[in-house]
Structures are given as C-alpha cells and as structure tokens.
Amino acid sequence: MRSIFCMAILASLLAIAGCATTPESQQIPGKGPKQDQGSRPSARAAGEEKAGAGDRAAEWKKIPRERRSQKVFREYSQPHPVPAPSFRPLAGRPPHPGGAYSRRQRPRFNTESYDRIYDNAFKNVADAPVSTFSVDVDTASYSIMRRFLHRGTLPPKDSVRIEELINYFPYAYQAPNGGKHPFSVNVEVAGALWNPERLVVRIGIKGREIQWKNRALSNLVFLLDVSGSMRSPNKLPLLKRSLKLLVDNLGENDRVAIVVYAGAAGLVLPPTTGERKEAILAAIDRLAAGGSTNGGRGIQLAYKVARREFITGGINRVILATDGDFNVGTTSRGALVRLIEKEAKSGVFLTVLGYGMGNYKGSTLERLAGKGNGNYAYIDTISEARKVLVEQIGGTMITIAKDVKIQVEFNPALVTSYRLIGYENRILRRRDFNDDTKDAGDIGAGHTVTALYEIVPAGKPKTGGKVDPLKYQQRPGLSKAARSGEMMTVKLRYKQPQGSKSTLIVLAVKAHPVAFGEASEDFRFASAVASFGMLLRDSEHKGNSSYARVLEVVEQAGGKKDAYRREFAALARKAAALPVRVEKR
C-alpha cells in the first residue's frame with residue numbers, strides 16, 4: 001500500500017514538471033523556453049553572468065585610453081541590456097507601437113490659472129472719503145473672454161476683469177488741446193443702468209496722439225517662448241504671424257533683436273535694422289518649439305541686449321510673447337516679478353503678449369506687465385494681433401506717461417457711499433498717491449482709459465456696512481467746500497516716460513447728473529460692458545442687469561456702426577444662450 005502511495009506522489013510531481021515546461025511550439029524562434037516573470041535566476045546562472053561581466057571588464061582595461069569613448073564604455077561595461085519600460089494603457093485605448101502613448105492619446109490637463117478677484121465693496125464716504133488706484137490699459141481679459149465664448153463655455157469668473165473689458169474699446173473723449181499735459185481728463189455723471197436709485201461717474205483719459213510715422217527711433221527686443229508647450233497652432237505659429245505684422249511696420253532705421261528661451265536662452269538674431277526685413281522675417285520663420293521653459297534666463301538676456309542698444313529719447317521696449325508657463329530656472333511668480341522690477345529701472349519698457357490655452361498663466365503675465373512699466377494683451381486670433389500691433393501700434397509701443405495714479409475725494413454732502421467698478425488689483429493706499437517711489441500704470445499714445453464709480457447719492461440708504469462710533473474722537477463738521485455744489489474732486493499724478501518726479505492734475509466735478517437715457521453714447525456703451533462683466537462674474541452688485549438689456553443698450557449706442565461693438569453684441573448673444581453657471585458649494 002505504501003509503495004502504491006509513493007508511486008502516486010511521483011506521478012503527480014512528474015505531471016507538474018511537465019506543465020511547467022514550455023512546449024517547442026510555443027517558444028519564440030531563436031530564444032529558449034519562456035521564463036516566468038516572477039521566477040528568479042538560479043545561483044549557477046547568476047554566477048555565470050557575474051563571470052561574464054568580469055571578462056568584459058578585463059577586456060575594457062586592455063583598450064587604450066584614447067579609444068575609450070562613451071559608446072565603447074556602454075558596450076563593454078553593461079552586463080545585459082536595460083529592458084524597455086512597460087506602459088499600462090488606459091482602458092479602451094491601445095498603446096502606441098513604440099510602447100508609449102501617441103501625441104493624440106496623451107492625457108491633457110487644463111492648468112490655466114487666474115488670481116482670485118473679490119469685487120470692490122461699497123465704502124461709506126463718512127468713513128473713507130478718498131479712493132486711490134492705478135490706471136490700467138491692459139485688454140487681455142476681453143480676448144480671453146471671447147475665446148471661451150467662441151468655444152461654447154462661459155469664461156472662469158476670475159478671468160473676467162471688468163476694467164479690461166471696458167478699456168478694450170476706444171471712446172471719443174476730448175483730446176488734449178496741446179497743453180503741458182500729455183492727456184486730457186473727462187468726467188460724466190448719469191444714472192446707473194443696473195440700478196435706477198444710483199449714479200455712475202465715468203472718468204475718461206485720452207492720451208495725446210502720435211503718428212507712427214512721426215515716432216522716435218525704435219530699439220525692440222522680441223523675447224519669444226519656444227518651449228515645447230508652444231507647439232499648438234494658437235501659440236508659436238500664431239505668434240510668428242503676429243510678429244511679421246509688426247515687422248512690416250518698422251522703419252529702415254528701427255532695430256530689432258530676437259531672444260528665444262526654452263530650457264536655455266539664446267540670441268538668434270542680433271540687433272538688425274529695419275532695412276533688412278528679409279533677415280528678420282527669415283529668423284522668425286526658423287523658430288521651432290521644443291524643450292522646457294526657462295523664462296528667467298530669457299528675461300535677463302533680453303534686457304541686457306536692450307540696454308546695450310539703448311536709444312536716448314527713443315522707443316526702448318522688450319516684447320515678451322509666451323503662454324506664461326515658466327517651469328525651469330526662475331519659476332516662482334515672486335522671483336519673476338522682482339526680476340522684472342529690477343530690469344524696469346533701466347528705462348526699457350515691456351509689452352507682454354499672451355498666447356494659447358490649457359496651460360495659460362494669465363495672472364503671472366499681468367503681474368509682469370504691471371511691474372515692468374508695460375502693457376498686456378492676449379492674442380487669440382490674427383485679427384487681434386492686427387489690432388494690437390498695427391491699428392493701435394502707437395498705444396502699444398509709445399509711452400507718453402508712466403506711473404499714472406488717480407485719486408477721487410467724494411463730498412459727503414452729496415454722496416453717501418461709492419464703489420470702484422473693477423481695478424481690484426490696482427487699488428493703492430491714500431498716501432501712495434503722493435509717493436513717487438510707488439509704481440503705477442502707464443499710458444500709451446492715443447490710449448483711452450476709463451474708470452467707473454457706482455455711487456449712492458445723499459439721502460439714499462447707506463450700503464457700505466455698519467461701523468461702531470468712535471469713543472475718543474468726534475467727527476468734525478463739513479467744510480465750506482462741501483456746500484459748493486461739487487460732487488467730487490479728481491486728482492491725477494503722472495511722470496514723463498524717463499522722469500522721476502510726478503506732475504499733479506486737479507479737476508473739481510460739479511453735481512449735474514442726467515438720466516441714463518440722456519447720457520452720451522459712449523457712457524451708455526461703457527455701462528453696458530460693465531453690466532455684461534458683472535453678469536459673467538455673477539457679481540453681487542449686478543442689480544437688475546440682464547443680457548437682453550445689455551444688447552438693447554449696445555444696439556442703441558453705436559453697436560451697429562462700429563466693428564468692435566458689433567462683435568461685442570455677438571458675444572453677448574452667445575453668453576445669453578449658454579446655461580447659467582452653477583457654483584459648487
């Protein structure tokens with residue numbers, strides 16, 4: 001019985017051994033039996049492999065030093081080839097033949113970022129009678145909003161900067177009359193579109209016009225992002241088409257240099273005069289995308305070239321074109337801003353052109369432009385490039401005033417409370433107005449800048465919140481000027497483009513408000529744009545705003561005569577047709 005049991009165990013072991021052996025029909029031609037991935041080589045096999053490696057090391061020592069190239073080293077020092085990495089494909093998506101995903105299969109992530117915006121709140125004039133802010137001539141938010149609406153979605157709330165929507169459009173403000181100031185100041189007061197109980201004050205600035213053909217000589221440095229993230233058609237290809245429009249408008253004595261950056265930075269075109277446009281265009285055509293993004297190194301090199309070619313009394317400007325996705329070298333926004341602040345002291349101005357989507361870093365680019373004595377636009381189409389670099393080239397390239405600040409003092413006898421619409425990241429402290437070391441926005445030739453205040457007239461309920469009365473101070477009474485009929489006093493400070501001391505402008509505004517329907521066409525259109533921005537942001541201050549009302553006002557305020565206003569009306573219709581955004585709680 002025991003012998004029968006032993007024979008059964010032996011038969012079982014032989015059967016298991018037979019199953020573990022790979023039949024010849026299943027073996028790969030030219031290779032031995034298939035080894036299980038979980039098994040480990042025997043001690044004998046490991047010893048033979050180690051001995052083989054020792055023999056190869058001995059052969060390596062026999063090779064003369066002058067013949068020991070890296071290739072020979074790899075050939076003689078590796079005991080066995082490194083296996084190719086394995087990939088686990090996503091469910092339902094076959095891997096690329098090379099083992100990795102193809103470009104179309106590669107997962108894409110949306111990493112666009114915009115700073116959080118908190119709408120300016122109402123302030124009681126009795127507690128805070130003075131409002132101070134920096135001007136802003138940027139228009140990028142409008143183009144970003146347009147891109148989202150054309151793609152059938154509402155823009156992110158924090159990408160909507162109402163002042164940039166308003167300032168995208170030119171307005172027929174009275175031009176400076178040839179006086180000592182480079183711009184004029186215009187003020188209009190009328191009813192609010194979104195709340196009949198309130199008023200809106202429009203402060204408009206019109207810069208002096210300078211014909212491009214009559215400008216000073218230009219020293220331009222194109223600082224171009226050619227990293228791998230710029231491959232998309234709406235990035236480097238569109239960028240190249242944009243710059244060609246600018247090059248076509250250069251004079252024969254203007255100079256252009258091109259600095260590019262990816263993993264490193266380099267000068268691909270030394271300063272070249274406009275009479276050699278074919279060389280400039282050829283350098284632009286040769287640009288190709290690839291590598292990481294070392295923007296900090298590129299910024300340093302571009303400003304170094306601009307300083308070396310500086311034209312006293314001329315246009316000295318770096319034009320940075322990028323998606324803002326800095327990922328090697330100097331990457332933090334704080335470090336990049338400090339770098340730009342340092343370089344801006346050289347007297348070289350900055351223009352930032354944003355491109356692309358998906359990884360776009362609009363908040364970073366806006367900060368760089370603000371700290372670099374510059375302006376910021378987003379190029380989503382070749383038509384926008386033509387607007388910024390051809391039609392409004394004077395405003396983009398020629399600075400007529402820098403560090404422009406606005407301060408408004410409201411009369412508590414006529415105004416209960418107020419709030420500034422937009423400009424949330426341009427607010428200054430009251431004492432900053434007279435401090436010439438504090439940076440502010442710049443104005444270009446022919447630029448129009450608009451700021452809107454929503455105010456609650458005296459006699460209406462306060463909207464600025466409640467504060468406890470002071471225990472140790474008693475509020476003084478009104479001054480004689482409070483009974484003069486003035487609603488407010490508007491002050492502006494600015495510096496000459498290469499100056500360091502500011503000049504003051506003071507304008508007293510009498511209280512003569514009119515109904516909204518009696519206001520100027522430009523006033524009504526700017527109010528409609530502000531109302532549209534509040535709807536996109538779902539602002540708590542939107543009142544009775546509606547897309548239908550916005551469209552009605554736009555069509556009555558020149559919306560059919562002007563191409564840009566017609567486009568705005570079309571965008572408002574697109575926004576009205578989209579589902580209302582539901583916030584996640």
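Me: Where is the place of Gln300?
Reply: Gln300 lies in helix H8 (residues 295-308), helices being DSSP runs of H or I with at least four residues, numbered from the N terminus. This is a predicted model, in which local features need pLDDT of at least 70, side-chain atom pairs count only at pLDDT 80 or more, and totals for chains, interfaces and linings use all residues. Residues are numbered from 1 along each chain as its sequence is written, and side-chain values use heavy atoms, with hydrogens and water left out.

Me: Why does Gln300 count as partly exposed?
Reply: Buried means under 20% relative accessible area, exposed over 50%, and partly exposed in between (1.4 Å probe, protein chains only). Gln300 has 39% relative accessibility, so it counts as partly exposed.

Me: Which residues is Gln300 in contact with, leaving aside its neighbours within four places in sequence?
Reply: Contact means heavy atoms within 4.5 Å. With those neighbours left aside, Gln300 is in contact with Leu339 and Glu343.

Me: What makes a set of residues a nonpolar core?
Reply: The residues must be buried Ala, Val, Leu, Ile, Met, Phe, Trp, Tyr or Cys, joined through side-chain atoms within 4.5 Å. The largest such core has 70 residues, and Phe222 and Tyr453 have the most contacts inside it. Helix H6 gives the most to this core, with seven residues.

Me: Which residues does a second, separate core include?
Reply: That core has 43 residues, including Ala192, Phe516, Ala519 and Leu551.

Conventions: Helices (H or I, at least four residues) and strands (E, at least two) are DSSP runs, numbered from the N terminus.
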